[in-house]
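Work through the exercises below with the sequence and the model at hand. Try each task before reading its solution.

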Amino acid sequence: MLRLIWLIPLLPLAGFLINGLFGARFLKRGVVAAIGCGAVLAALLLSIGAVVELPSAGAHAAVGGAPQFVQDLFTWIPLGTGPDGSALEVRWSYLLDPLSAVMLLVVTGVGFLIHVYATGYMGHEPQAAFARFFAYLNLFMA
């Protein structure tokens, strides 16, 4: 699961795109809620799997001995070469250590509960407003 941590912010973003583009006109209220809640639930499950796998995945220890996992995705800003000939670049990476693992679980866990609560709270709204609300809620989670 650690290799899939890049999906955690992309799943709510996919929910935003689906509900934002198709929710108001083509999807029923229950489908909009299922997409909104399901995207965050999938991110929560990936988060739990990554946190459980963190200590035993051979992740290298940081200063202080706590395990950490770094996943480099791509070079975001190439800046050329330094005076010693090494490449200067800003990389887009994800890091998972014990502190970020706790925050990851809190954000995805509470975010999922907020999504579930919002299905009932927004139940009286018109379909377009309901879909727009869940699209924005998923965008906030992303």
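The exercises that follow concern a predicted model.

**Exercise 1. The largest pocket**

Task: Describe the volume of the largest pocket, the residues closest to its centre and the classes of residue in its lining.

Solution: 
- Start with the volume: the largest pocket holds about 270 Å³ of space.
- Next, take the lining, which has 14 residues; Ile5, Ile8, Pro9, Tyr94 and Leu104 are the closest to the centre.
- Sort the lining by class: 12 residues are nonpolar, 2 are polar and none is charged.
- Then assign the lining to elements. Helix 1 (7-23), strand 2 (87-96) and helix 3 (98-121) each contribute at least two residues. Helix 3 contributes the most, with 4 residues.

**Exercise 2. The strand pairing**

Task: Determine how strand 1 and strand 2 run relative to each other and what connects them.

Solution: 
- Finally, inspect the connection: the two strands form a hairpin with 5 residues between them. In the turn, Gly85 has a positive phi of about 90 degrees.

**Exercise 3. Two aromatic pairs**

Task: The structure contains 6 aromatic pairs. Classify the pair Phe22 and Phe26 and the pair Phe133 and Phe134, and state how exposed each residue is.

Solution: 
- Two quantities are needed, the distance of the ring centres and the angle of the planes.
- For Phe22 and Phe26, the centres are 6.3 Å apart and the planes are at 50 degrees, so this pair is tilted.
- Phe22 has 41% relative accessibility and therefore counts as partly exposed. Phe26, with a relative accessible area of 62%, is exposed because the cut-off for that class is over 50%.
- For Phe133 and Phe134, the centres are 5.6 Å apart and the planes are at 90 degrees; the angle is over 60 degrees, so this pair is edge-to-face.
- Phe133 is partly exposed, at 28% relative accessibility. Phe134 has a relative accessible area of 0%, so Phe134 is buried.

**Exercise 4. Further ring contacts**

Task: Which residues form one aromatic cluster, and which residue lies over the face of Phe130?

Solution: 
- The cluster consists of Phe74, Trp76 and Trp92.
- At Phe130, the residue over the ring face is Arg29, at 4.8 Å from the ring centre.

Technical notes. Residues are numbered from 1 along each chain as its sequence is written. This is a predicted model: local features need pLDDT of at least 70, side-chain atom pairs count only at pLDDT 80 or more; totals for chains, interfaces and linings use all residues. Side-chain values use heavy atoms; hydrogens and water are left out. On a 1 Å grid over the protein atoms alone, a cavity is a set of points where a 1.4 Å probe fits but cannot get out, and a pocket is an open set with protein on both sides within 12 Å along at least five of seven lines; lining residues have an atom within 4 Å of a point. Grid points are joined across faces, edges and corners, and a volume is the space filled by probe spheres set on the points. Ala, Val, Leu, Ile, Met, Phe, Trp, Tyr, Cys and Pro count as nonpolar, Asp, Glu, Lys and Arg as charged, and the others, Gly among them, as polar. Two strands pair if DSSP finds at least two bridges between them. Rings of Phe, Tyr and Trp (its six-membered ring) pair if their centres lie within 6.5 Å; planes under 30 degrees apart count as stacked, over 60 as edge-to-face and the rest as tilted. Buried means under 20% relative accessible area, exposed over 50%, partly exposed in between (1.4 Å probe, protein chains only). A charge sits over a ring if NZ of Lys or CZ of Arg is within 6 Å of the ring centre and within 35 degrees of the ring normal.
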